[in-house]
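Please look at the two chains shown below before reading on. The briefing that follows goes through them topic by topic.

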Amino acid sequence: MAFATKRLGKELKKLHESLPPGIELVSAEDFQDWLLDIRVLDANPLYLNQTYRLKFKFSAQYPIEPPEVVFVNTKDRPIPMHPHIYSNGIICLDLLGSQGWTPIQNVESICMSLQSMLTGNSKNERPEGDQQFVANNRRRPRDIDFYYHDNTV
Amino acid sequence: MKVKIIKWNSVATWRWKIAYDDVCGICQVHFDGTCPTCKYPGDDCSLLSGKCGHNFHMHCIVEWIKQESSKGQCPMCRQKFEWKDNPALAAPTPA
């Protein structure tokens, strides 16, 4: 665990010192699960005045392996509407998969990527086959080979 | 007065011959510190410079390159990671 712990310790120290606008650290009690809140900074009507909660799960191989990142649904934290975000919070984003991940990414850069993924979106829809996926999926996000229906989003 | 030296100690400092304030992009530790798995900096935890110009702790970049998903690419620029032969000395020293 040394590798992940040391790197996460450094990231946590930095996050406590300063955070980019629209990103807040909610909890980081250990080096396995962290919660962060993100907001979209522009006036995109899809996400206006909303805050979204992200759950990060780190393996002992982080940052060699990507963390597992999902949106979580709580009383005042909905799952954002997006053609690459399933209604159970699973995110289909290449940098979070083993094909697109590189170890220079970090918690902050992931949050910023997700902010811009939302900012740039104008479609008020879920991915194709969302209901079926949400009903049947028992796999963890990192084990899913996402098929990108629409690479323009 | 005559002084007879009985014993003397010398102390030296060293650092790698690369950018002073740079950290390894993988573990985010200073190059002059060790990778997260080592205790003492130096030859046992050396640096590796890629031909693409990016440097890492050797142990860090090896962990990454071992992964199939790395496809042998540099984490910074995604070019094929090929190292220079004598990293610490071959790397240019920025002023």
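This is a predicted model: local features need pLDDT of at least 70, side-chain atom pairs count only at pLDDT 80 or more; totals for chains, interfaces and linings use all residues.

A residue is called buried here if 20 or more other C-beta atoms lie within 10 Å of its own. By that criterion, buried residues make up 28% of the 95 residues in chain B.

- Chain A holds an open sheet of 4 strands, in the order β1-β2-β3-β4, and the pairing is antiparallel.
- The strands at the edges are β1 (23-27) and β4 (68-72) of chain A, each of which pairs on one side only, and neighbouring strands of the sheet are turned by 30° against each other on average, with direction ignored.
- β1(A) and β2(A) form a hairpin that has 5 residues between the two strands, and their antiparallel pairing runs over 4 bridges.
- β2(A) pairs with β3(A) over 6 bridges, again in the antiparallel sense, while β3 (residues 52-57) of chain A pairs with β4(A) over 5 bridges.
- A row of bridge partners can be followed across the sheet: A:L25 has A:L36 of β2(A) as its partner, A:L36 in turn is partnered by A:L54 of β3(A), and A:L54 is partnered by A:F71 of β4(A).

**The helix on the sheet**

- Helix α2 (residues 107-119) of chain A packs on this sheet and touches β1, β2 (33-38), β3 and β4 of chain A, and its direction makes about 40° with that of β2(A).

**Nonpolar cores**

- In soluble globular proteins, nonpolar side chains tend to be buried together.
- The largest nonpolar core has 23 residues, and among the members that touch the most others are A:I38, A:L54, A:F71 and A:L114.
- At least two residues of this core come from each of β2, β3, β4 and α2 of chain A, and α2(A) gives the most, with 5 residues.
- Leaving aside neighbours within four places in sequence, the contacts of A:F71 include A:Y52 and A:L54, as well as A:I79, A:I85 and A:I91.
- A second, separate core of 20 residues includes A:I64 together with B:F31, B:L47 and B:I61.

**Chain B**

- Chain B has 2 helices and 2 strands, and from the N terminus on its elements run β-β-α-α.
- Among the contacts in chain B with a separation of 6 or more, 46% are between residues 24 or more positions apart.
- In helix α1 (residues 58-66) of chain B, the buried residues are B:H59, B:C60, B:I61, B:E63 and B:W64, and what covers them includes β1 (47-49) and β2 (55-57) of chain B.
- An unreviewed UniProt entry lists residues 35-78 of chain B as "domain: RING-type"; in the model, the end C-alpha atoms of this span lie 21 Å apart, and the span is 20% helix and 14% strand.

**Where the chains meet**

- How many residues of chain A are in contact with chain B? There are 13 of them, and they are in contact with 12 residues of chain B.
- The residues on the side of chain A that touches chain B divide into 7 nonpolar, 3 polar and 3 charged.

Note on methods. Residues are numbered from 1 along each chain as its sequence is written. Chains are lettered from A and ligands numbered from 1 in the order in which they are written. Two residues are in contact if their C-beta atoms, placed from the backbone, lie within 7 Å. Ala, Val, Leu, Ile, Met, Phe, Trp, Tyr, Cys and Pro count as nonpolar, Asp, Glu, Lys and Arg as charged, and the others, Gly among them, as polar. UniProt positions are given in the numbering used here, feature names are shortened, and annotations may be inferred rather than shown by experiment. Two strands pair if DSSP finds at least two bridges between them. Axes are lines fitted to C-alpha atoms, for helices over the stretch in contact, and angles run from 0 to 180 degrees between N-to-C directions. A residue is buried if 20 or more other C-beta atoms lie within 10 Å of its own, exposed if 12 or fewer, and partly exposed in between; C-beta atoms are placed from the backbone. A nonpolar core is a set of buried Ala, Val, Leu, Ile, Met, Phe, Trp, Tyr and Cys residues joined through C-beta atoms within 7 Å.
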